[in-house]
Amino acid sequence: MSTYEKMGTVPFSPYFTEERDCPLLRKRNTVSVDFMNDSGGKAVVRAKKIFLFFLLAASALVFGCRESSPVKGIELVVSFSETPLTDRLYTDIQYRWRFRDSYKKIDQNCAVFVHFWHRSNLIFHDNHRPEIPVPRWEPGQEYTYTRRIYIPQFIDALDPEFKGPDTLKLSIGLSFPQDKSGKPLKKIYEEKLKVFPPPPDTPVIIYEDGWSDFEIDPESYLKRWRWTAKEARCIIDNPRRDALLMIRGGVMKKGVQDQKVIVKINNLLLDEFIPRRSHFERFYRIDQGMLGEEDRFSLVISTDKTFIPARVIPGSGDERELGIQVSFLYFR
């Protein structure tokens with residue numbers, strides 16, 4: 001079992017975001033997802049030449065964007081909700097923009113690039129459009145907002161050469177879509193962040209009944225997932241404190257109407273919902289009292305409707321009874 005499976009996590013790819021903020025790349029539109037393939041949901045790894053060509057071209061452009069001199073008149077303060085920072089961690093990042101009187105207004109609808117570098121590798125980003133568009137930024141004002149990020153695993157604590165915390169370089173600035181200098185990224189903020197391995201008492205997620213093996217399709221929205229049966233159960237270490245639960249997954253919109261997702265902890269209903277889209281992501285702040293007094297507790301994810309691919313997808317020979325997709329479980 002890999003470390004990701006043991007921890008109940010999967011790597012977070014920068015390609016999960018819905019738009020690229022490097023002006024050399026087009027904005028990526030939301031993709032409608034077909035969760036089943038011609039073989040009815042068997043493990044899929046399609047590496048089409050044209051897909052790889054554009055993916056590699058996009059990657060080259062992302063890493064080829066260069067940063068130049070800072071934008072004048074802007075101060076940026078960045079803080080995190082979790083301390084210390086570790087890898088395999090969700091944390092809220094707060095951006096506080098302050099504009100001195102010397103700030104000159106920018107008429108371009110810039111995006112904010114937020115790059116996290118490990119040595120020479122861009123391991124993830126939080127590129128985004130600010131809540132207040134850049135052309136509306138004014139001298140003498142202050143704007144603050146918070147976003148949630150996931151720091152993927154990049155530390156190998158078992159490496160004999162590992163001597164302590166590792167370092168991420170955080171680089172933040174503005175991406176100018178109409179820049180013609182060849183340096184469209186203007187850096188405003190840079191900081192070296194100390195990042196530790198997760199503490200020894202980080203809860204372990206054990207997948208018990210009702211789970212299929214992992215399946216992969218790099219062209220789908222989820223990239224990697226497990227199908228559940230009508231009900232799927234996990235056993236998780238009880239941290240004996242409040243914790244954050246995150247579930248990312250998908251439902252079958254073609255052939256199955258309004259699948260309901262039901263989430264229970266220790267047989268207590270936590271949530272039930274019908275996803276509006278074919279994919280969903282839900283965060284829950286779990287109170288310690290809900291976890292009980294035992295050393296472990298149960299997490300059950302179920303659905304009210306299952307389907308058999310061979311009966312709803314033309315040409316499929318898959319006779320499994322399937323529920324929903326779960327691509328990522330996080331509890332910490």
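1. Aromatic pairs. The count of aromatic pairs in this predicted model comes to 17, where rings of Phe, Tyr and Trp (its six-membered ring) pair if their centres lie within 6.5 Å, with planes under 30 degrees apart counted as stacked, over 60 as edge-to-face and the rest as tilted. For Trp97 and Trp137 the ring centres are 5.0 Å apart and the planes stand at 35°, so this pair is tilted. Trp97 belongs to strand β4 (residues 89-99), while Trp137 lies in the loop between β6 (121-125) and β7 (142-151); the pair thus links distant parts of the chain, 40 residues apart. Strands are DSSP runs (E, at least two residues), numbered from the N terminus. Both Trp97 and Trp137 are buried, that is, under 20% relative accessible area with a 1.4 Å probe, protein chains only.

2. Basis of the values. Residues are numbered from 1 along each chain as its sequence is written, and side-chain values use heavy atoms, with hydrogens and water left out. Local features need pLDDT of at least 70 and side-chain atom pairs count only at pLDDT 80 or more, whereas totals for chains, interfaces and linings use all residues.

3. Ring cluster and charges. Tyr90, Tyr150, Phe283, Phe328 and Tyr330 are linked into a cluster by ring pairs. Arg148 lies over the face of Phe283, 4.5 Å from the ring centre. Elsewhere, the charged end of Arg226 sits over the ring of Tyr207, at 4.1 Å from its centre. The criterion for such a contact is NZ of Lys or CZ of Arg within 6 Å of the ring centre and within 35 degrees of the ring normal.

4. The five-strand sheet. An open sheet has the order β10-β13-β18-β15-β16, with antiparallel pairing; two strands pair if DSSP finds at least two bridges between them. Strands β10 (205-207) and β16 (268-273) stand at the edges with a single partner strand each, so one side of each is left without a neighbour in the sheet. From one strand to the next the twist averages 20°, with axes taken as lines fitted to C-alpha atoms and angles running from 0 to 180 degrees between N-to-C directions.

5. Strand β18. Of the eight residues of β18 (residues 296-303), seven are buried, so the strand is largely enclosed by the rest of the structure. Seven bridges pair β18 with β13 (residues 231-237) in the antiparallel sense. Here Ala232 stands opposite Ile301, and Glu231 has Ser302 as its bridge partner. Strand β15 (residues 261-265) also runs antiparallel to β18, joined by five bridges, and Ile262 stands opposite Ser302.

Technical notes:
Buried means under 20% relative accessible area, exposed over 50%, partly exposed in between (1.4 Å probe, protein chains only). Helices (H or I, at least four residues) and strands (E, at least two) are DSSP runs, numbered from the N terminus.
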